[in-house]
Amino acid sequence: MFFASDNWAGAHPDIVQSLVQHASGFAQAYGTSDLDRRVEARFAEIFERDCQVFFVGTGTAANALSLTAFNKAGGVTFCHREAHVIEDECGAPEFFLGGSRLHGVDGPAGKMTADTLQKAIARFPEGFVHSGRPMGVTVTQATEIGTLYSLAELDAISAVCRQHDLPLHMDGARFANALATLHVSPAEMTWKRGVDVVSFGGTKNGCWCAEAIIIFGDRFTGELPYIRKRGAQLFSKTRFIAAQFDAYLRDDLWLQTARHANAMARQLADILAQSPGGRLGWQPEANEVFAVLSPTVAERLQAAGAVFYPWKLPRTSDITLQEGEQLYRFVTSFATTSSDLDQVSRLLRN
Ligand SMILES: Cc1ncc(COP(=O)(O)O)c(C=O)c1O
Ligand SMILES: C[C@@H](O)[C@H](N)C(=O)O
């Protein structure tokens, strides 16, 4: 019963098989192999338009290097104040930005709103060098607390970006999970909503170590090859990242694994919500469940070997914790099974 994170799950057998298949023989290095080209073309098919694809090894690298493409002296990039880029990447974005900053923006349910973003941008008046200047916006889809931006919410955010001529990045570490819930196409959730750059995550959804920076349009592509190399993220054998995505994106494996993870989360949420001593912090919209548990319930699950962690209350949360209660995060994945959930259910029933 491993619910600590989808980062704990292994690699899907089809991904492993693809790595084994491509392990032998020789192939051009540093992103120039036939397989690289084939997978890049597959991304263009999926997004229904030309796009630039840059494979990297971690989601943090995808985010930090994507935001570096927007860089300006004194630049400020706006993100939700509890976004991964500002709270969980140990300053990597700011490190690669060389002094440009991230500015946290309030918003309910882990999301900025057009209004809170507008108000945050207004704190950086045109030409007032002391405060720096807006240079970009980044949203997380699915968010760090398992919620989703609707297409209308993305439209509203990107309208503010366009008003201020700011590029829009999407942290898609759990891109597939969001897509599976919204039942929309990758194009509808990204460039058709005004998103310029996507960190397209595969690692948390069945890949071993596969992330890609996807750029729409030609506004930033000249920079990325140099930003990636300087960021030590140009793998000599990029074919092994390409090989993972080759299997991941074949026959919709990526959507099947995400649908499964989301379905497991939905079922787990129902089990936790119906158990005495448990209640949901909020409804899951992807593969993360946040539940308030009494000490007894938490200890019973942990004693039986369930692995999950306490989570900080979102600043905008209206949850009230009773004595001893704690909010916990449960993350499901392609590797979560119904028997895991049956075990949780049995433990909570007794
Ligand atoms: C929302 C989000 N973005 C980015 C990342 C970064 O990914 P990585 O840990 O591979 O650097 C994570 C990590 O799980 C994440 O949860
Ligand atoms: C750092 C931690 O949040 C990691 N990104 C995860 O989702 O498990």
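This is a predicted model: local features need pLDDT of at least 70, side-chain atom pairs count only at pLDDT 80 or more; totals for chains, interfaces and linings use all residues.
T77 stands opposite G136 of strand β4. Strand β2, residues 75-80, and strand β4, residues 133-140, run parallel and are joined by 4 bridges. Helix α6, residues 114-121, packs on the sheet and touches β2, β3 and β4. The direction of α6 makes about 135° with that of β3.

The sheet to which these strands belong is open and has 7 strands, in the order β1-β7-β6-β5-β4-β2-β3. Its pairing is mixed. At the edges are β1 (52-56) and β3 (101-105), each of which pairs on one side only. On average, and with direction ignored, neighbouring strands of this sheet are turned by 25° against each other. Strands of a sheet pair through backbone hydrogen bonds, in either the parallel or the antiparallel sense.

A UniProt annotation, from an unreviewed entry, assigns residues 3-277 to the domain "Aromatic amino acid beta-eliminating lyase/threonine aldolase". That span is 41% helix and 14% strand, and the C-alpha atoms at its ends lie 19 Å apart.

A second sheet is built from 4 strands. It is open, with the order β8-β9-β11-β10, and its pairing is antiparallel. β8 (278-280) and β10 (309-310) each have a single partner strand, so one side of each is left without a neighbour in the sheet. For β10, an antiparallel pairing over 2 bridges is found with β11, residues 326-331. Within this pairing, Y309 has R329 of β11 as its bridge partner.

The helices can be followed through α12, residues 253-273, which packs against helix α14, residues 338-349. Two packed helices are described by the angle between their axes and the distance between the axes. For α12 and α14 the angle is about 5° and the axes are 10 Å apart. α12 is therefore roughly parallel to α14. On the α12 side the contact involves M264, Q267, L268 and I271, which meet L341, V344, S345 and L348 of α14. The residues of this contact divide into 6 nonpolar, 2 polar and no charged.

Helix α12 also meets α8, residues 175-182; the two axes come within 8 Å and cross at roughly 75°. This angle makes α8 roughly perpendicular to α12. From α8, the contact takes in A176, N177, L179, A180 and T181. From α12, the residues are W254, L255, A258, R259, A261 and N262. By class, the contact of α8 with α12 has 7 nonpolar residues, 3 polar and 1 charged.

The ligands remain. Around ligand 1 stand N7, T58, G59, T60, N63, H84, T140, E144, D171, A173, T203 and K204. Helix α3, residues 59-68, supplies the largest share of this shell, with 3 residues. The shell around ligand 1 divides into 1 nonpolar, 8 polar and 3 charged residues. Ligand 2 is surrounded by S5, N7, H84 and D88. In its shell there are no nonpolar residues, 3 polar and 1 charged. N7 and H84 are listed around ligand 1 as well as around ligand 2.

Technical notes: Residues are numbered from 1 along each chain as its sequence is written. Chains are lettered from A and ligands numbered from 1 in the order in which they are written. UniProt positions are given in the numbering used here, feature names are shortened, and annotations may be inferred rather than shown by experiment. Two strands pair if DSSP finds at least two bridges between them. A residue is near a molecule or strand if its C-beta atom, placed from the backbone, lies within 6 Å of it. Ala, Val, Leu, Ile, Met, Phe, Trp, Tyr, Cys and Pro count as nonpolar, Asp, Glu, Lys and Arg as charged, and the others, Gly among them, as polar. Axes are lines fitted to C-alpha atoms, for helices over the stretch in contact, and angles run from 0 to 180 degrees between N-to-C directions. Angles under 35 degrees count as roughly parallel, over 145 as roughly antiparallel, 65 to 115 as roughly perpendicular and the rest as oblique. Two residues are in contact if their C-beta atoms, placed from the backbone, lie within 7 Å.
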